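Thanks for coming, everyone. Please have the model open while I talk. I'll start with how the elements are named.

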Amino acid sequence: MGQLNLNTVQKFYGTFEVLKGIDLEVKNGEFVVFVGPSGCGKSTLLRMIAGLDETSAGDILIDGKRVNDLPPVKRGIAMVFQSYALYPHMTVFENIAFPLRVEKMQEDKLKAKVENAARILHLDQRLQQKPGLLSGGQRQRVAIGRAIVREPKIFLFDEPLSNLDAALRADMRIELAKLHRQLKATMIYVTHDQVEAMTMADRIVVLNAGEIAQTGAPLELYHKPANMFVAGFIGNPKMNMLPVICKSVGATGVEIEFQGQTATIPVEGRAGLVGQPLTLGIRPEHIQFGAADLAMTIAPSVIEHLGAHTVAYAAVNGEGENFCAMLPGSAAIRTEETVPVGLNAADCHLFDAHGIALERRLELGDVDIGLLNAGAV
């Protein structure tokens, strides 16, 4: 078993509150990813779960047992750090076996555990080599193997791919996802890279300034962000935000005005919105050429040609420079030349003056959020 419960967990450094009452349940066998900007508290929270940092207030429970006062070795966890922390004078076998030798495990049992971990991680042909002969990805797999042989209840990963180049990061994401399916173990993974979170997680926990901004399946957070922070953090490039005014609230949604144009956004309205400023969110990948519910022109100042896509950073209708459009790779656009584009109301998000999302309605053809929660999509 490997169930984790965090009950109103807080962390103070002096009078400064780093974590502000975190409540979270991680089910046995889940792959949960903590994401957020630098300084949001994600690594501190992981270290508190591991027992490397003290908990100022609240309870940490593993399989129903309070572990606040237990040392790391007694918590049934194993942690993989950003640094490989391998012993350069030891072989791969001895690096993986090290925690078992500390426990004084019998040699035959130790050998079987190490060889099994090596097979899982495709290191069985490297056991007699030393870390200096391995690639960065292989070294990180050795560090993971050292965690596997301990057979922990929960694996903790603290930005383990940060030291790898882009190609190795992509390869290791695949390897970690396969490893999770094979071991069926509970894994908690910290990263600042939302691509890693979207591709590996069963659930994502988005942290902001020591608080949980939203928890959900990856595509749930993409399609139904709870607030502007999550909307801007999940998705690459990030969501565009445009100022609009609420004209009316009706049965089909909220009618907004944007630079003299009106459109009805299919979201749940609420009292007191009429006449109020709102923020309309639209993802760069939902900008299109041709007829749309809202039309605009963009004048790209920077264009990135990525093959399948062309990304333009531009001013909208001659205003601002922070708008981003992801267009087809064949798009014939040039810097400083005006291009007509548009967006459809069904693709838009609306946020109130406090940055809280107005709940999107599920229209025919939209992704079923229930399936997203179940991890079926």
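Helices here are DSSP runs of H or I with at least four residues, strands are runs of E with at least two, and both are numbered from the N terminus. Residues count from 1 along each chain as its sequence is written. This is a predicted model, where local features need pLDDT of at least 70, side-chain atom pairs count only at pLDDT 80 or more, and totals for chains, interfaces and linings use all residues.

Start with helix α1, residues 42–50. Of its 9 residues, 7 are buried. Buried means under 20% relative accessible area with a 1.4 Å probe, protein chains only. Among them are Lys42, Leu45 and Ile49.

Next, the record. An unreviewed UniProt entry places "domain: ABC transporter" at residues 4–234. Such annotations may be inferred rather than shown by experiment. In the model, that span is 36% helix and 26% strand. Its end C-alpha atoms lie 25 Å apart.

Now the hairpin. β9 (203–208) and β10 (211–216) pair antiparallel over 5 bridges. Strands count as paired if DSSP finds at least two bridges between them. Asn208 has Glu211 in β10 as its bridge partner. There are 2 residues between the strands, and Ala209 takes a positive phi near 50°.

On to a sheet. Which order do the strands of the open sheet take? It is β13-β12-β11-β14-β19, 5 strands with antiparallel pairing. β13 (261–265) and β19 (349–351) stand at the edges with a single partner strand each, so one side of each has no neighbour in the sheet. From one strand to the next, the twist averages 40°. That angle is taken between N-to-C directions of lines fitted to C-alpha atoms, on a scale from 0 to 180 degrees. Within the sheet, 5 bridges join β11 (240–250) to β12 (253–258). Cys246 pairs with Ile256 in β12.

Last, the largest pocket. A pocket is an open set of points on a 1 Å grid, where a 1.4 Å probe fits, with protein on both sides within 12 Å along at least five of seven lines; lining residues have an atom within 4 Å of a point. The largest one holds about 440 Å³, a volume filled by probe spheres set on the points. It has 20 lining residues, and Ala78, Met79, Phe81, Pro99 and Arg150 are the closest to its centre. Which element gives the largest share of the lining? β6 does, with 4 residues.

Definitions and conventions:
Side-chain values use heavy atoms; hydrogens and water are left out. Buried means under 20% relative accessible area, exposed over 50%, partly exposed in between (1.4 Å probe, protein chains only).
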